[in-house]
Amino acid sequence: MTPVLEAEGLAKHYPIRRGLLSRASGTVRAVDGVSFQVMPGETLALVGESGCGKSTTARLALRLLDPTAGTVRFEGQDITALHGAPLRALRRRMQIVFQDPFASLNPRMTVRDILEEPLIVHAIGDRTARQTRVAELLGLVGLAPYHAARYPHEFSGGQRQRIGIARALAVEPALVVLDEPVSALDVSIQAQVVNLLDDLQRRLGLSYLFIAHDLAVVKHVADRVAVMYLGRIVETGPKDQVFADPRHPYTRLLLSAIPRPDPHRRLARQAAQGDLPSPANIPAGCRFHTRCPFVIDRCRTEDPALHQVETAHLSACHRAAELPPLDIEQAHPAPPAAARRLALYAERRAAQAEGVQ
Amino acid sequence: MTDPLLQIEGLRTVFRGANGDVPAVDGVSLSVPRGKTLGIVGESGCGKSMLSLSVMRLVPAPGRIAAGRVVFDGQDLLALDAPALRSLRGNRIAMIFQEPMTSLNPVFTVGDQIMEAMRAHDRRASAAGLRARAAAALDRVRIPAAARRLDDYPHQMSGGMRQRVMIAIALSCGPDLLIADEPTTALDVTVQAQILDLLRDLQAQTGMAIILITHDLGVVAEMADEVAVMYAGRVVERAPGTAIFDDPQHPYTLGLLGSIPRVEETRDRLLAIEGAVPAPFALPSGCRFNPRCVFRAPPCTEVDPPLLPLGPDHTAACIRAPVEDLAA
């Protein structure tokens, strides 16, 4: 099977210019040699902290930025050097949903105009066909037809994100890049949007490149995970393997930092040490060695390559094979009263959802 | 048992609307014991930030506090005059906000901003003494090379560093109560973990009480001794920090717990709460949560439920709780 999206050795370096003559005095290596594939109908999650290069990687993949090095292939076709009309035609096949539902919708356009615009740009359908499509899109993301006449400010954050999703789906793309689509939303609303994305993927056979910093959300949406640190992928593999048996210390750090809704394990967490180094000044050797609890001398001098630890599970750590098993997966058993009530809640929810359909 | 440090009784904060007053906080009673952490949880728009602003008497116009009492260490804050209030704010009660990017002034150094707070409450301090205290304050929030970083501008620091500076400013006068409004929401998880650890350690050192406002029940589980769940301007459940997770009673609390994606388990679907928090000018009749509630029954649309006792120090405003009795 041909991957929908394939990136190979992608890099984006920005020169730091100083002084009157704008001489380059250094380089910010925002993305520094990243390779991955997204298969049809699959969700690949790119995870990492702010500044790790995950959003830049997504923009390179969409050709919204031009890479310094590397290639991007879309459905087997090399699109790295594509320009003009062919690139525009390609944009129909790949779309993006942004993080901030407040900043990514034009406040002076109605929802109808917002959803119709991509159709006009790509010259899809006549006026009537476009109107029908707008109504269809609103239904698809769980909004009502009368919402078409409203302006973005009349909607809540969750509803705006639905509009952003509908806009991305307007031109029937094969690949949707979701750049932190739920991190600006409340948990309860986050859950609604995560469920919606899941439904849409199943109904429309979409492929997702899901950018996130929250591993808990990723656990729910992804098929495969790629963890990024300072412009590189440091661990990648099928979701279940990466979460059950992370083979890179950074992945472990991210996992243990998530605050768990369980007061009984409050002190089980080990806090991370230090801040993310600047991508303008990447540490020598392994780029994670300044924060790594497992650091040895070799890590300070030798840059580890991504290598296989299990089938399809890769890690860029010299000590990947020797890391002790991670025990944070063992959750405190759910207290009976809470478990019983949550089960009851789920039951009622399901019954209600059926009643609606 | 000693008096609580802060006691809020029947607090009501309203905004003037076209058709009369609109309540943002509607009859909230809470207390914060000395040295403990009260977590206030709820979705955006549930009134939790407005509650904390009311405690500080910082409600923005056209809002005003319409009723209630806020007793801090024996003094009713709502009865204080402006100078008395000013000497209390930043000194005995301090506040940190969500946005470490916008809470600091970009044109002053970090040191200037820490010293400004100290000088405001101690007019006679010497410049050298202030600088030494400011450096000590930065050192306490674990900023490396503190004395040197005093001369940094906010943009030279990372988000986590800036939030540490905010905490240093808030703690510079040794407050008895720290109100932290979503202090880690804008930060990465690893940085969030560092800041939460820091707050916990500082609390152990200084014995200050904390009101922690957040929408994240994970953060609450890490920090809170007591929890109040707010919905549409009201407290709908109040319990000790462990009970809210072990023995959640209100359907809204259940919904919040069900919405959290957990690393330990893979559920097919998250239990989202459908719909959104109602606007304060369009509150439903009866229980305010009823339109979104999966356990709704006929009386829920008519009866506005009071907080009912359901366990030791545990109350919830739901006539259907405990919900397992419905199945029987």
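Biologist: What makes B:R92 and B:I211 count among the residues that B:L177 touches?

Modeller: Two residues are in contact if their C-beta atoms, placed from the backbone, lie within 7 Å. B:L177 touches B:L5, B:L6, B:V32, B:R92, B:I93, B:M208, B:A209 and B:I211, with residues up to four places away in sequence not counted. This is a predicted model, in which local features need pLDDT of at least 70, side-chain atom pairs count only at pLDDT 80 or more, and totals for chains, interfaces and linings use all residues. Residues are numbered from 1 along each chain as its sequence is written, while chains are lettered from A and ligands numbered from 1 in the order in which they are written.

Biologist: Which residues have the most contacts inside the largest nonpolar core?

Modeller: B:L177 is one of them, and A:A45 and B:I211 are also among them. That core has 194 residues, and helix α6 (residues 159-171) of chain B gives the most to the core, with eight residues.

Biologist: Why is α6(A) called oblique to α10(B)?

Modeller: Their axes come within 8 Å and cross at roughly 55°. Angles under 35 degrees count as roughly parallel, over 145 as roughly antiparallel, 65 to 115 as roughly perpendicular and the rest as oblique. The pair is therefore oblique.

Biologist: Which residues make that contact?

Modeller: A:V187, A:S188, A:Q190 and A:A191 of α6(A) meet B:G255, B:L256 and B:S259 of α10(B). By class, three are nonpolar, four polar and none charged.

Biologist: How many residues of chain A are in contact with chain B?

Modeller: 49 residues of chain A contact 47 residues of chain B. α11(A) gives the largest share of the chain A side, eleven residues.

Technical notes. Helices (H or I, at least four residues) and strands (E, at least two) are DSSP runs, numbered from the N terminus. Axes are lines fitted to C-alpha atoms, for helices over the stretch in contact, and angles run from 0 to 180 degrees between N-to-C directions. Ala, Val, Leu, Ile, Met, Phe, Trp, Tyr, Cys and Pro count as nonpolar, Asp, Glu, Lys and Arg as charged, and the others, Gly among them, as polar. A nonpolar core is a set of buried Ala, Val, Leu, Ile, Met, Phe, Trp, Tyr and Cys residues joined through C-beta atoms within 7 Å. A residue is buried if 20 or more other C-beta atoms lie within 10 Å of its own, exposed if 12 or fewer, and partly exposed in between; C-beta atoms are placed from the backbone.
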